[in-house]
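Subject: Structure for your files

Hello,

Here is the structure I promised to pass on. My notes on it follow below.

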Amino acid sequence: MARSNIQNNIRRFRFDANEMTQQQLADEVGTSRQTIVAIEKGNYSPSLELAFRIARVFSTSIDNIFSYKP
Amino acid sequence: MSYREKENLVNIFSSLVITAVYALIIYQKQMAGQINLEDDFQKWGIVFLIFAGVSIVARIIIYIIFSIINVIATREGKIPPVDERDKLIKLKATRNSHYTFSVGFFLAIIALSIGMPAYWLFILFVISGVVSELIDNGSQMYYYRKGV
């Protein structure tokens, strides 16, 4: 499966947010931990809604977390 | 291995075991002359309906056993919620499964058209049903592992 062109720095944001765990983030945004793992590894591009929810958890905008590299 | 991958593995196992055991029972009855599936299409209907019922009950039992063993082994009582990624993976796996069953259906029709006995239609239906289910669960495992 080709890796996604959408890159993210969720890992860094989690670290900055008091070393939030993947499970905590998953619970906050209403997904499974496996989905957070897949997003961080670039194996899954989240929907716009999930991207917004993730950005909201870190009180920032989507483009600070996700970027598109063609 | 994630919960969903294990779940799919259990589904593959139960699909193979249930179908194999049921097919063996029916085959033995056919050989013993208790039923005649070569000409009696009504019997095929009954066999399929009983299989559907048996399959559902057996799967429920296997799933309960799997859940209990999983809780004991992982000490995690909480089943992960079904999210958008799970739904997307299920959707793609169902597409692959339907393609597979369609091929099986056409093979069955081709078998009829070249003069094979009519009961082959039902046998090919069963085989393509099992294979399409394996493709469904196998696809899900692939997408969970490799990404979607």
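Arg14(A) and Glu40(A) form a salt bridge, with their closest N and O atoms 2.6 Å apart; the term covers a side-chain nitrogen of Lys or Arg within 4 Å of a carboxyl oxygen of Asp or Glu. Arg14(A) sits in helix H1 (residues 10-16) of chain A and Glu40(A) in helix H3 of chain A, so the pair ties together parts that are 26 residues apart in sequence. Helices here are DSSP runs (H or I, at least four residues) and strands are runs of E (at least two), numbered from the N terminus. Over all chains the count is 9 salt bridges.

Before the rest, some conventions. The model is predicted, so local features need pLDDT of at least 70 and side-chain atom pairs count only at pLDDT 80 or more, while totals for chains, interfaces and linings use all residues. Residues are numbered from 1 along each chain as its sequence is written, chains are lettered from A and ligands numbered from 1 in the order in which they are written, and side-chain values use heavy atoms, with hydrogens and water left out.

Interface of chains A and B

In chain A, 14 residues are in contact with 13 residues of chain B, contact being heavy atoms within 4.5 Å. The two chains bury about 1,100 Å² between them, and 51% of that is on carbon and sulfur atoms; buried area is the accessible area (1.4 Å probe) that two parts lose on being put together, summed over both. Between chain A and chain B there is 1 salt bridge. Its partners are Lys78(B) and Asp27(A), at 3.7 Å from N to O. On the side of chain A that touches chain B, helix H2 (22-29) and helix H3 (33-40) are the elements that give two or more residues. H3(A) has the largest share, 3 residues. By class, that side has 5 nonpolar, 8 polar and 1 charged; Ala, Val, Leu, Ile, Met, Phe, Trp, Tyr, Cys and Pro count as nonpolar, Asp, Glu, Lys and Arg as charged, and the others, Gly among them, as polar.

Chain B

Chain B has 4 helices and 0 strands. Its C-alpha atoms fill a box of roughly 50 × 30 × 20 Å along the principal axes.

Cavity lining

Residues lining the largest cavity include Ile6(A), Tyr44(A) and Phe66(A). A cavity is a set of points on a 1 Å grid over the protein atoms alone where a 1.4 Å probe fits but cannot get out, and lining residues have an atom within 4 Å of a point. The lining has 5 nonpolar, 4 polar and no charged residues.

Regards

How values were computed. 1 Å grid on protein atoms, 1.4 Å probe; cavity = no way out; pocket = protein on both sides within 12 Å on 5 of 7 lines; lining within 4 Å.
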